[in-house]
Amino acid sequence: MKIEVLGTGCMKCRRLFKNVEVAVKELGITAEIVKVQDISEIINRGVMLTPALAVDGEMKVSGRVVDVQEIKEILKG
Amino acid sequence: MALQKECACGDTSAVTGGKRRIIFPCAGVANVGQISNAAAHRLTDEGYGAATCVALLGTGDAGLKQRIAEADEVVIIDGCPVICGKKIADAQGLIPAQHIVITSLGIDKAYGKPVTGDDVELVVSAAWEGKGRHQ
């Protein structure tokens with residue numbers, strides 16, 4: 001599983017990244033967690049508001065930080 | 001040190017899908033009370049919810065009751081086991097989705113002890129992780 005956190009590195013983006021790390025650890029799954037900080041790539045991915053969260057290339061959330069519980073639900077499908 | 005790129009995060013208040021939360025810090029005068037206040041402000045800045053005065057809750061303010069009715073969750077951050085914030089909520093018949101007690105996170109209560117960034121981060125992380133939820 002590849003999880004991407006899209007955002008240029010502000011407080012909200014950092015929080016989302018940390019929440020993803022916690023969720024992955026609590027679920028006990030193996031996942032590659034990637035920061036996408038390049039603004040051109042973020043725009044090219046169709047993201048209008050950051051932070052955003054993508055799982056295996058599919059955009060799941062955009063424009064807000066997601067809490068750990070909701071991230072776990074997203075990852076469990 | 002590299003300059004921070006301009007942030008692309010805008011005002012996301014119109015973004016739907018997230019929970020609307022009201023955060024009540026106990027805001028006591030000891031370090032843990034001040035940490036509760038700082039954490040509530042940080043959580044507000046991060047988009048978790050809206051920090052609100054627990055003293056106003058204690059007055060039974062009608063406008064605040066309306067806001068609570070429209071919210072999805074209430075989070076109470078108490079500094080110590082005296083749990084003043086939780087008691088004020090109880091008196092108003094309010095059941096929080098999360099109740100965090102800062103001393104239970106390993107921070108000792110002390111008057112005049114400076115509030116550190118690490119202390120605030122510990123409490124903010126606990127809220128995002130749902131550590132104060134009923135098991």
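**Chat on chains A and B**

Me: Which residues are buried in helix α4 of chain B?
Reply: Helix α4 (residues 84-91) of chain B has Gly85(B), Lys86(B), Ile88(B) and Ala89(B) buried. Buried here means that 20 or more other C-beta atoms, placed from the backbone, lie within 10 Å of the residue's own, and helices (H or I, at least four residues) and strands (E, at least two) are DSSP runs, numbered from the N terminus.

Me: And where do they fall, seen down the axis of α4(B)?
Reply: The buried residues of α4(B) lie within an arc of 160 degrees (taken over the directions from the helix axis to the C-beta atoms), so they line one face of the helix. As a general point, an α-helix has 3.6 residues a turn, so residues three or four places apart point the same way.

Me: What covers those buried residues of α4(B)?
Reply: The cover includes β1, α2 (54-59), β3 and β4 (98-101) of chain B, with contact taken as C-beta atoms, placed from the backbone, within 7 Å. After α4(B) comes Gly93(B), which has a positive phi near 70 degrees.

Me: Before I go on, what kind of model is this?
Reply: This is a predicted model, in which local features need pLDDT of at least 70 and side-chain atom pairs count only at pLDDT 80 or more, while totals for chains, interfaces and linings use all residues. Residues are numbered from 1 along each chain as its sequence is written, and chains are lettered from A and ligands numbered from 1 in the order in which they are written.

Me: OK, in what order do the strands of chain B form their sheet?
Reply: The order is β2-β1-β3-β4 in an open sheet of four strands with parallel pairing, where two strands pair if DSSP finds at least two bridges between them. In chain B, β2 and β4 stand at the edges with a single partner strand each, so one side of each is left without a neighbour in the sheet.

Me: Which strands does α4(B) touch when it packs on that sheet?
Reply: α4(B) touches β1, β3 and β4 of chain B, and its direction makes about 140 degrees with that of β3(B). Angles run from 0 to 180 degrees between N-to-C directions, with axes fitted to C-alpha atoms. Helix α5 (residues 117-129) of chain B also packs on the sheet, touching β3 and β4 of chain B, with its direction at about 155 degrees to that of β4(B).

Me: How many residues of strand β1 in chain B are buried?
Reply: Five of the five residues of β1 (residues 21-25) of chain B are buried, so the strand counts as mostly covered. Arg21(B), Ile23(B) and Pro25(B) point one way from β1(B), Ile22(B) and Phe24(B) point the other way, and all are buried.

Me: How many bridges join β1(B) to β3 of chain B?
Reply: Five bridges join β1(B) to β3 (residues 73-78) of chain B, and the two run parallel; Arg21(B) has Glu73(B) as its bridge partner in β3(B). With β2 (residues 50-51) of chain B, β1(B) pairs in the parallel sense over two bridges, and there Ile23(B) has Ala51(B) as its bridge partner.

Me: Switching to chain A, what pattern does it follow along the sequence?
Reply: Chain A reads β-α-β-α-β-β-α, and its secondary structure comes to three helices and four strands. Of its 77 residues, 38% are buried, and its C-alpha atoms fill a box of roughly 35 × 25 × 15 Å along the principal axes.

Me: Is Leu6(A) buried or exposed?
Reply: Leu6(A), which lies in β1 (residues 2-6) of chain A, is buried because 26 other C-beta atoms lie within 10 Å. Not counting residues up to four places away in sequence, Leu6(A) touches residues including Val36(A), Ile42(A), Val47(A) and Ala54(A).

Technical notes:
Buried ≥ 20, exposed ≤ 12 C-beta atoms within 10 Å, placed from the backbone. Contact = placed C-beta atoms within 7 Å.
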